[in-house]
Amino acid sequence: GAMGSVVSQLGGLASLAGINMGADEKETESIAVLQSEALTESYIRDNNLLPVLNEDLWDSQRGEWKPMEADDVPTLWKATRYFRKGVRRVKTDNATGLVTVTVTWKDPELAAQWANGLVALANEYLRRKAIEESELNITYLNEEAKRTDLVGPKQAIYTIHQNEINKAMLARGRAEYAFKVIDPAKSPEIHASPIKLLWLVAGLVFGMFLSIFYVFVRAVWR
């Protein structure tokens, strides 16, 4: 009965250590971190992107915001919301598992820099998180090992203990811990938008309708 109780507790330890966590769950967690508000907010704050994202409202000579209403002053929350909705996009290919990070900005060099920086930050966050969790689990397992003299439970604890050591070692030795970069972002030579041909056609169509409207109004006026 005592042995059964100890083995049951070890099952909980294994789950705590992350042994039962499948690849799909880890992938889902990694992508969630990459898209999270916390990561985006941290990147904007650490790289002082508020003035860059709100260039029209920033007085570069004085190094402060231009005069405006208090509600219109840019904040980190507003910048994070704007960045997530209009600047950065994360797309996952379910067939291949590849994750594509796209950053759209008027400065192509900054766009490439931000895309690479966000992936690097996500890797660093997940790497540190894995190390911290493994260290906590190792400490807990050491305490559990001291509480029992039974050979079976001790062996089970040491197996989980070794697994946690391996996880920590893997995290410390890999900068690309969660995301392995296949194609680093580069500054594009062709603008993604606006599409000149599309705007030209739209301008011609709009001009034609405007001319017809003008002629019609002039005729009615006469």
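1. Leaving aside neighbours within four places in sequence, Trp114 is in contact (heavy atoms within 4.5 Å) with Tyr43, Leu49, Val52, Leu53, Phe83, Val87, Val103 and Trp105. Apart from the core discussed in point 3, there lies another core, of 9 residues, among them Ile31, Val33, Val90 and Ala122.

2. On the basis of these notes: this is a predicted model, in which local features need pLDDT of at least 70 and side-chain atom pairs count only at pLDDT 80 or more, while totals for chains, interfaces and linings use all residues. Residues are numbered from 1 along each chain as its sequence is written, and side-chain values use heavy atoms, with hydrogens and water left out.

3. The largest nonpolar core has 14 residues, of which Leu53, Phe83 and Trp114 touch the most other members; such a core is a set of buried Ala, Val, Leu, Ile, Met, Phe, Trp, Tyr and Cys residues joined through side-chain atoms within 4.5 Å. Two or more residues of this core come from each of helix H3 (37-46), helix H4 (50-53), helix H5 (76-87) and helix H6 (108-146), and H6 gives the most, with 4 residues. Helices (H or I, at least four residues) and strands (E, at least two) are DSSP runs, numbered from the N terminus.

4. Arg88 lies in strand E3, and it counts as buried because its relative accessible area is 7%, where buried means under 20%, exposed over 50% and partly exposed in between (1.4 Å probe, protein chains only). Setting aside residues within four places in sequence, the contacts of Arg88 are Leu34, Gln35, Thr40, Phe83, Val101, Thr102, Val103 and Leu118. Arg88 and Ala115 are 27 residues apart in sequence, and their C-alpha atoms are 7.9 Å apart in space.

5. Thr92 also belongs to strand E3, which covers residues 88-92, but Thr92 counts as partly exposed because its relative accessibility is 27%. Residues up to four places away not being counted, Thr92 touches Glu27, Ile31, Leu98 and Val99. With Ile31, the separation is 61 residues in sequence and 8.6 Å in space, C-alpha to C-alpha.

6. How many residues line the second largest pocket, and which lie nearest its centre? The lining has 17 residues, of which Val103, Thr104, Trp105, Pro188 and Ala192 lie nearest the centre, and strand E4 (99-103) and H6 are the elements that give two or more residues to it. H6 supplies the largest share of this lining, 4 residues. The volume is about 380 Å³, a volume being the space filled by probe spheres set on grid points that are joined across faces, edges and corners. A pocket here is an open set of points on a 1 Å grid over the protein atoms alone, where a 1.4 Å probe fits, with protein on both sides within 12 Å along at least five of seven lines, and lining residues have an atom within 4 Å of a point.

7. Ser187 is found in the loop between helix H7 (151-173) and helix H8 (196-221), and it is partly exposed because its relative accessible area is 36%. Beyond neighbours within four places in sequence, Ser187 is in contact with Pro108, Glu109 and Ala112. Ser187 and Ala112 are 75 residues apart in sequence and 5.4 Å apart in space, C-alpha to C-alpha.

8. Asn48 is found in the loop between H3 and H4, and it counts as exposed because its relative accessibility is 54%.

9. For the chain as a whole, the secondary structure comes to 8 helices and 4 strands, which follow the pattern α-α-α-α-β-β-α-β-β-α-α-α along the sequence. Of the 222 residues, 25% count as buried. Residues 24 or more positions apart account for 65% of the contacts with a separation of 6 or more. The chain exposes about 15800 Å², of which carbon and sulfur atoms supply 58%, with areas from the Shrake-Rupley method with a 1.4 Å probe, and for residues only the protein chains shown count as cover.
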